[in-house]
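The stops below can be followed in order.

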Amino acid sequence: MLNLVLFGPPGAGKGTQAAKLLEKYQLVHLSTGDILRSELAAQTELGLEAKKFMEKGELVSDAVVIGMIEGKIDSNTGAKGFIFDGFPRTTAQAKALDKMLEKKNSPITCMLALEVEKEELIKRLLLRGKDSGRADDQDQSIIENRIKVYNSETTPVKDYYEAQDKYQGIRGMGSIEDIFGRLCEAIDNL
Ligand code: ADP
């Protein structure tokens with residue numbers, strides 16, 4: 001199995017690149033942000049609870065997102081592999097993911113981390129906020145908080161994969177096609 005963690009700060013282009021990668025490599029895309037937004041749209045209890053954190057740019061609890069991902073892994077038994085997008089976002093989530101995949105005998109192959117400068121992230125997110133209507137993309141202070149939370153809680157996940165020799169940084173600046181090319185090159189060389 002090819003199990004990829006697509007990593008990077010909010011606005012790094014994970015969702016855009018994941019859509020292109022899953023088509024090319026026939027993987028199942030698991031985005032915790034997308035799953036949480038669909039729970040919210042359906043007004044489930046989980047979605048309404050998560051909303052309180054999402055609208056402030058805080059992280060939803062580890063237990064909630066770990067449970068969600070476990071359910072999705074279990075319900076996709078025939079998958080050739082997964083692209084994890086927006087997950088794991090804490091070291092506890094990364095450890096839980098390793099345990100889940102251990103049971104399936106198919107560990108994480110690699111973490112591909114999109115590297116983008118902060119000014120560019122804010123610009124992209126505000127632009128996305130205009131087009132998508134995502135509330136957390138429309139307010140500069142929420143965006144700044146998401147980047148702050150990313151720096152404090154999520155960057156340690158990079159060290160976690162680096163220690164396993166699975167980390168690869170990918171330049172996330174430039175055109176969508178250029179970045180996609182860099183990702184494919186890294187995957188084809190795995
Ligand atoms: P982005 O990476 O652009 O900020 P996402 O769509 O990945 O956005 O996530 C949106 C929000 O959903 C996050 O700000 C957070 O509140 C919540 N969320 C998504 N994934 C996780 C996760 N793995 N752990 C905790 N909270 C999460």
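Exposed here means over 50% relative accessible area, and buried means under 20%. The model is predicted.

**Helix H6**

Select H6, residues 118–132. On one side of H6, Glu 119, Lys 123, Leu 127, Lys 130 and Asp 131 are exposed; the buried residues of H6 are Leu 121, Ile 122, Leu 125 and Gly 129. Those buried residues fall within an arc of 95° seen down the axis of H6, so they line one face of the helix. Show H7 as well: the buried residues of H6 pack against H7. From first C-alpha to last, the 15 residues of H6 reach 21 Å, close to the 21 Å expected at 1.5 Å a residue. Gly 133, which follows H6, has a positive phi, near 75°.

**The largest pocket**

Next, display the surface and find the largest pocket, which holds about 950 Å³ of space. Its lining counts 47 residues, and the closest to the pocket centre are Pro 10, Lys 14, Arg 89, Arg 128 and Arg 134. Elements that give two or more residues to the lining are E1, H1, E2, H2, H6, H7 and H8.

**Helix H2**

Move to H2, residues 32–41. Thr 32, Gly 33, Ile 35 and Leu 36 are buried in H2. They fall within an arc of 165° around the axis of H2, so they line one face of the helix. Their cover includes E2, H3, H4 and E3. After H2 comes Gln 43, with a positive phi near 55°.

**The largest nonpolar core**

Now colour the largest nonpolar core, a set of 30 residues in which Ile 69, Ile 73, Phe 84, Leu 97 and Tyr 161 touch the most other members. Elements giving two or more residues to this core include E1, H2, H3 and H4. Centre on Phe 84: beyond its neighbours within four places in sequence, its contacts include Leu 4, Leu 30, Ile 69, Ile 73, Leu 97 and Ile 108. A second, separate core has 26 residues, among them Leu 21, Leu 27, Leu 112 and Ile 179.

**Helix H8**

Finish with H8, residues 176–188. Which residues of H8 are buried? They are Ile 179, Phe 180, Leu 183, Cys 184, Ala 186 and Ile 187. These cover an arc of only 160° around the axis, which puts them on the same side of H8. Among the elements covering the buried residues of H8 are E1, H1, E4 and E5. The end C-alpha atoms of H8 are 18 Å apart, which agrees with the 18 Å its 13 residues should span at 1.5 Å a residue.

Terms used. Residues numbered from 1 in each chain as written. Predicted model: local features only at pLDDT ≥ 70, side-chain atom pairs only at ≥ 80, totals over all residues. Heavy atoms only, no water. Core = buried A, V, L, I, M, F, W, Y, C linked by side-chain atoms within 4.5 Å. Buried < 20%, exposed > 50% of the residue type's maximum accessible area, 1.4 Å probe, protein only. Helix = DSSP H or I, 4+ residues; strand = E, 2+ residues; numbered from the N terminus. Contact = heavy atoms within 4.5 Å. Expected span 1.5 Å × (residues − 1). Arc of directions from axis to C-beta. 1 Å grid on protein atoms, 1.4 Å probe; cavity = no way out; pocket = protein on both sides within 12 Å on 5 of 7 lines; lining within 4 Å. Points joined across faces, edges and corners; volume = space filled by probe spheres on them.
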